[in-house]
Amino acid sequence: FGNLDLGRNKALKTISEFLNNKFSRVDIDIFSSQEKYANKIKNKNVKYKGFALSQDLTEIIKQYDAVICCESIRKRNVAKTRFSISTKVSLLLSSSKPIICFGSTDSESIRYLVDNKVCFYINSYKNSEEFFSDFNETKSKEIISNSFQLFEKNHSLEKSQKNFGKFIEEL
């Protein structure tokens with residue numbers, strides 16, 4: 001879901017190759033307004049589904065077995081995303097789906113998910129065997145549980161309202 005520039009399209013292509021090399025068939029659907037980046041992936045198991053409205057994302061996610069969060073591993077792109085966290089992170093955490101992450105932990109979104117143990121993480125071919133040995137139902141359930149707990153702790157409506165109130169008071 002969302003923005004595919006800053007090397008995210010290349011990261012998504014890499015993760016699709018990882019998954020398709022290990023499993024017989026993994027289909028990845030891309031929802032984005034950036035068709036030109038989606039088309040650069042050129043993988044028979046990656047399909048561009050077009051733009052999805054934010055209010056439809058929760059229902060769309062229910063159709064899938066897992067969700068993917070990816071960021072570029074190129075230093076040039078990491079420097080641009082280093083201090084920003086994706087707006088989709090809270091959606092992924094609340095999805096009740098295992099999260100698969102690819103990218104550098106120098107990127108704030110990836111670091112946040114990895115440090116909180118709420119994702120299956122791939123950063124290179126070097127750790128792909130560790131990823132695949134961890135990818136099982138028990139670990140998936142643990143990740144989903146951790147994700148929801150983190151969502152409740154930091155991203156719920158009540159928490160957001162409280163944080164916003166603190167911000168306004170500090171002004």
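Helices are DSSP runs of H or I with at least four residues, strands are runs of E with at least two, and both are numbered from the N terminus. Counted this way, the protein has nine helices and five strands. Their order from the N terminus is α-β-α-β-α-β-α-α-β-α-β-α-α-α.

This is a predicted model, in which local features need pLDDT of at least 70 and side-chain atom pairs count only at pLDDT 80 or more, while totals for chains, interfaces and linings use all residues. Residues are numbered from 1 along each chain as its sequence is written, and side-chain values use heavy atoms, with hydrogens and water left out.

The overall dimensions come next. The C-alpha trace spans about 50 × 35 × 35 Å along its principal axes. The radius of gyration is taken over C-alpha atoms, and the globule rule is 2.2 Å times the number of residues to the power 0.38. For 171 residues a compact globule would have a value near 16 Å, and the protein agrees with this because its own value is 16 Å. A contact means heavy atoms within 4.5 Å. Of the contacts with a separation of 6 or more, 63% are between residues 24 or more positions apart.

Accessible areas come from the Shrake-Rupley method with a 1.4 Å probe, and for residues only the protein chains shown count as cover. The accessible surface of the protein is about 10,300 Å², and carbon and sulfur atoms hold 49% of that. A residue is buried under 20% relative accessible area, exposed over 50% and partly exposed in between (1.4 Å probe, protein chains only). Of the 171 residues, 41% are buried.

Aromatic rings of Phe, Tyr and Trp (its six-membered ring) pair if their centres lie within 6.5 Å; planes under 30 degrees apart are stacked, over 60 edge-to-face, and the rest tilted. The whole structure holds two such pairs. In one of them, F31 and Y64 have ring centres 6.4 Å apart and planes at 80°, so the pair is edge-to-face. F31 belongs to strand β1 (residues 28-31) and Y64 to the loop between α3 (57-61) and β3 (67-70), so the pair ties together parts 33 residues apart in sequence. F31 and Y64 are both buried.

Two loop residues other than glycine have positive phi values. For S96, in the loop between α5 (89-93) and β4 (99-102), phi is near 60°. For K117, phi is near 55°. K117 sits in the loop between α6 (108-115) and β5 (120-122), and K117 is exposed because its relative accessible area is 58%.
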